[in-house]
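Morning, everyone. I have a few minutes on one structure, so please look at the screen.

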Amino acid sequence: MSITTEPTAIDPGPRQTAVGSGSRLVRRLGIGRFSGIYVWALLIVLFAVLVPETFLTASTVRSIGANSAVTSLVALALIVPVACGLFDLSVAAILGIAAVLVLDLQARGLSAGIAVLLTLVAGAVIGAFNGFLVVKVGIDSFIATLGMSSVLAAGAFAVTNGNQLVAQVPSTFVTLGQGTLLGLPRPVWYAVAVAAVLYYVTERTTAGRYMYAIGGNIEASRLVGIRVDRVRFASLVTSGVLGALAGIVLAAQLGASSADIGPAYLLPAFSAVLLGATQIKGNGRANVLGTLVAVVLLATGIFGLQLAGAPIFISGLFNGVALILAVSLALRANRQAA
Amino acid sequence: MSSPDLRGGTAGNGGATPALDVRSASKTFGSIRVLHDVDLTLAAGELRALVGENGSGKSTLVKILAGYHMPDEGTRIAVGGREVAPHHAGVSETAGLRFVHQDLALVGALSSVENLGLGRGYGNGRMRPLAWSRLRREAREAIGELGYHFDVDRPVATLGASERTALAVARAVSPHTSTARVLVLDEPTANLPGPEVEQLFGLVRRVRDAGIAVLFISHHLNEVFDLAESVSVLRGGEHVATRPVAELDETSLIELMVGHSVERHAGRRPSAAAATVLSAQRLSGGSVQRLDLDVAAGEIVGIAGITGSGREAVASLMFGAEPAAGTVTVNGSPIPPGRPDASIAAGMGLVPAERATKAVMLGHDVAENLSISRPKDFVRRGSMRRRLEYQAAAGWLEKLDVRPREPRMPLAALSGGNAQKVILARWLRLQPKVLVLDEPTQGVDVGAKEDIHQRIEEAAGQGCAVVVCSTDNEELARLCGRVIVLGRGLETAQLAAPISADDITAACLADTRERSPREHHH
């Protein structure tokens, strides 16, 4: 599946390849790699003009933050396998099953702490199984995780019997998912914390370098002594754990969950990671800062359009267009570099 | 499709009209003339070998005949007395020129029946159903006439090597838009195990007996003597001689190919003053069989051999990139095969032949490609330091004269020679005990080549044991104190300094003569 290599096998874009006086300005402003931020600023100005009384408020910031937090966590979870040249299509399904599992375990009398821990372990086990299928059995990650996501969706229905699960209120669990800290919804801070750790790992450690090397050329990575199989396996376990964390945060935020909650998060997260890969670093790699910029950009666009009276399907449309646009941009950068 | 008519003589078989008549074939690329007024005439039913060193013009000539290259003005080609101007493959095909290339152009997942119809149809209309029973019968007849009997419904990938070759030949000689008059076999034995070569020869003779002229291209001179009736020699793009093989022996043929008399060194070993660092015992894998090799500290050992000799597999086996039988030790400690990380930990480094697919990390800049061999060198207080990476990279770019000296450039954007220097520096910076290089200067310009050679010598000077596998015999002669020559997976000769490129060429071409079981026929 050729697309599996695209997000990471992208050569540096306009920053390094642009030559000539016209593109010098482009490079100075970093329009290529900071385009997301410019577009974001443009969107803010646009909506401030279109719907000033509703858009320019603190509640807009809170809403966008709350809407983006879980999407960010899913997107951050995806960065790890995508950096290694793998796709994890099951990450949203992992979120889905984790969101029902963590409430179901509490309903069965387990404490919030134990329920969260067990749910994270479940995420790791699912990720390990993905890793086994991809690394040991040798199934293309696209196919293996696609199958896995269907299995997990069935699992989520088995847990809930198709009913909605509601958290006990008040409880510590729900408190942790709701309310604000320093003016922002608590889930935003969880996403920030995960982003900080992931930023350090991807940008500052040898493990991060190995991940990107594998994404850049798996055989060359093996020949320079990288334990390619281990890193790829670990990347899928990581996305499993982070996907489960996203599900836990979502359940706490909503105070409820149901079996069909997961799938809606897949496309926005993928759009953000692939769009983010064209941002900030300018070398085509799935990266933390670029992904966060992309999440916020997409969330702002969708929220603003909805305030301006756009129909409900605008969110799917916006995310789909962003995904296609991101991959097209990346391919163009790739061709320019070649 | 109908089966090839091999028994009956075909038109153009008799009389003086040659099956193939090439006059003053020339080809110029840019300002370089790679083929110079070559004449070649084959009678119907003649079995002719075409030999020459790499770069002698064999492939260019074949590609002109196949319609792949447009020849220079003045080139005349006639097939069965009719002049043809092969502008593309279809014209050659219609004229009766047929080709079987080394890779055979078969689709492994399809059956023999299906492969036989590729490019020529199945004798039905485009949207009409296939007449399977007729096609099967014709396929069985087609291979039967070449002396083969195998299940024509099996996927081609499951057939033996010589069966696949037979199928490719059957497809080539089957009447299509015209009757086959000339069959060109381009290194048909390169991928065949020894016993199957004999079977292939039977097949070629049957084709010849059917009145088709066969032009047989091979690097294996013993095959030339065993199979062909006459041989044409190209050298430096010119036709040097065409002789009956009966008038030649191996030495005189090699002399025709290299252009002067050859002196054969054999079996001399250098005095082993330094300690052995790298040692391989009965190393087998890929096409290599039971290779023994010791390399001392500071020694540069070359591995030579024609394509298919096993040379191309040696580097990855020595380095332990692939699972293999036998043992490799570095300073006495065994290296587990298939574990590059363990090889590197033991002090080895590998510069692979295919740079783009096996060495360059896409989307990584020069500095990152350099540091990837041991990124922990740039970690300070728990964090990788970009600044240190760029500093170190700048130093190496300076040292190896890489241009541009820009550690932030994507490596993929550098020219071949400059990129190769960076890949070499990736290992040099670790000061390896053993360096294994596969085609270290392939696709590299002359200046960069010399730089790379100097760095290799410098590494050896510092005690590194170096193995260089190369098809560039000049390179081996320039670098190596000792050259191991491989043929059909086995060591066939060992040359010691002083070595000339021609010595190596001669030893490579002479490869299997002594070992061939077919030798007894003569």
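I will take chain A and then chain B.

This is a predicted model, in which local features need pLDDT of at least 70, side-chain atom pairs count only at pLDDT 80 or more, and totals for chains, interfaces and linings use all residues. Residues are numbered from 1 along each chain as its sequence is written, chains are lettered from A and ligands numbered from 1 in the order in which they are written, and side-chain values use heavy atoms, with hydrogens and water left out.

Chain A has 16 helices and 4 strands; these are DSSP runs, H or I of at least four residues for helices and E of at least two for strands, numbered from the N terminus. Of its 338 residues, 52% are buried, meaning under 20% relative accessible area with a 1.4 Å probe, protein chains only. Chain A exposes about 14,200 Å², and carbon and sulfur atoms supply 70% of that (Shrake-Rupley method, 1.4 Å probe).

Now chain B. The count here is 17 helices and 22 strands. The radius of gyration of chain B, taken over C-alpha atoms, is 26 Å, close to the 24 Å from the globule rule for 522 residues, so chain B is as compact as a globular protein of that length. That rule is 2.2 Å times the number of residues to the power 0.38. Its C-alpha atoms fill a box of roughly 80 × 55 × 45 Å along the principal axes.

How much of chain B is buried? The figure is 56% of the 522 residues. Chain B exposes about 21,100 Å², with 50% supplied by carbon and sulfur atoms.

Key. Buried means under 20% relative accessible area, exposed over 50%, partly exposed in between (1.4 Å probe, protein chains only).
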